[in-house]
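Hi,

Here is the structure I said I would pass on.

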Amino acid sequence: MKRTAARYATFALLGCLAWAACIGSRPACAAELTPGTHAGTLQGALYRIDVPAHWNGDLVMLMHGYQPVGARITTPMTAADTTSDFLKLGYAVAQSQYASQGWAVGDAIADNERLRQYFIHTYGRPAHTYLYGFSLGSLETLASIERYPHAYTGALAKCAVAVSTPEFIARAVVTPLVAFDALIPGVLPDLAAPDSPPFIPPKVFAKALQVHPQEAALLEKRLQEPGTLPLSLYYMALRELERRAGGMPVDNRNTVYHGFGDDVAFNRRVHRYAGSPVAMAYVRRNGTLTGRIDVPLVMQWNNSDPTIPERFHSIYPEQVRAAGRGKWLTVLPPVGSGHCNFTDVQTIAAFNTLVSKASNGKH
């Protein structure tokens, strides 16, 4: 993995000179990239680039997970927890805050690519560039390697939202909410009404589920979501996405639901929503996956993930195989439990698997 400083300095100088020939001025060379944190803003998105004292010449682009609208943002941008692990291995790490919070899939993909280009243009092209995303950042990671197949040596997706946005919002967000509403009515407002609140506290859902244990058990069994259902998170994400997309992004008027007890009675009780064409087009543009990848991809989930249930874990791997790209894919056995509950050792072990796949000619 590691190169001598002299070898990398020569490589970086050639890259800088090539870029200078294109733009007519010579940028700072990679050999001049000093250890420490380099932070700033690119088109409204905070970013940070962290460089270890003994940089191996490779770069990790890191894409963070869902961040609620209004969550506190610090300047300079706070590094994701795994940043230090990559730095200890000698990698530089670049990460964007994104220009918006919430279901910021479109912004995330564009801001991450803008930061990657900025790194190259400012410091020189890394020998290898890896992409690492967790939770919602994994959806953005998968979309990025499909959209920019030649930009990356490989990608690691942990606790992944590895489902196209339209399908995920319909099946993982709206289905639990309308099922809860059908089985325990009177708690949820109209999901599409502009004046419905943007947030409902988790304790409201928890109390309703506690008062209705049979319905709670049915929801848990049907949705494969152990423990407390993250209905507050689903509701908040849906309301934010509605504001972003310009309306209800799901149309369930013709959906036939199964497995929630008496199917006929349940489907009569389910609230039906007419999707907004504008909003539905928005979610298709911002997170539709194809499975067509051309670089090594390593994926791993936790056991008993309440946010990304097991029923969603096989969808993208099956898409990749159906697209004839199965040779690029490695799905590691699940470890731990919860959502994105990995130890540092587990994360680095998964990343080392990716590097090994890339080094063994899978790129």
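The link between Cys 159 and Cys 340 is right-handed, with 95° about the S-S bond. Do bear in mind that this is a predicted model. The two sulfurs sit 2.0 Å apart, and the structure holds 1 disulfide in total. As for what the link connects: Cys 159 is in the loop between strand E6 (154–158) and helix H5 (165–183), while Cys 340 is in the loop between strand E10 (335–337) and helix H12 (344–359), so the pair ties together parts that are 181 residues apart in sequence. The two ends come out as follows: Cys 159 is buried at 0% relative accessibility, whereas Cys 340 is partly exposed at 27%.

Next, the domains. The chain splits into domain 1 (36–164 + 287–361) and domain 2 (176–284), and their C-alpha centres lie 29 Å apart.

Asp 107 pairs with Arg 244 in a salt bridge, with 3.9 Å between the closest N and O atoms.

Over the whole structure the search gives 9 salt bridges.

- Arg 48 and Asp 50 meet at 2.7 Å, N to O. Both ends are buried, Arg 48 with a relative accessible area of 11% and Asp 50 with 4%.
- Glu 113 and Arg 116 meet at 2.8 Å, N to O. They are 3 residues apart in helix H3 (residues 105–123), so about one helical turn separates them. Glu 113 is buried at 9% relative accessibility, and Arg 116 is buried at 7%.
- Glu 167 and Arg 171 have their closest N and O atoms 2.7 Å apart. This pair is in helix H5, 4 residues apart, again separated by about one helical turn. Here Glu 167 is partly exposed, at 29% relative accessible area, and Arg 171 is partly exposed too, at 34%.

Cheers

Key
Residues are numbered from 1 along each chain as its sequence is written. This is a predicted model: local features need pLDDT of at least 70, side-chain atom pairs count only at pLDDT 80 or more; totals for chains, interfaces and linings use all residues. Side-chain values use heavy atoms; hydrogens and water are left out. A disulfide is a pair of cysteine sulfur atoms within 2.5 Å. Helices (H or I, at least four residues) and strands (E, at least two) are DSSP runs, numbered from the N terminus. Buried means under 20% relative accessible area, exposed over 50%, partly exposed in between (1.4 Å probe, protein chains only). Domain bounds come from an automatic or database domain assignment. A salt bridge is a side-chain nitrogen of Lys or Arg within 4 Å of a carboxyl oxygen of Asp or Glu.
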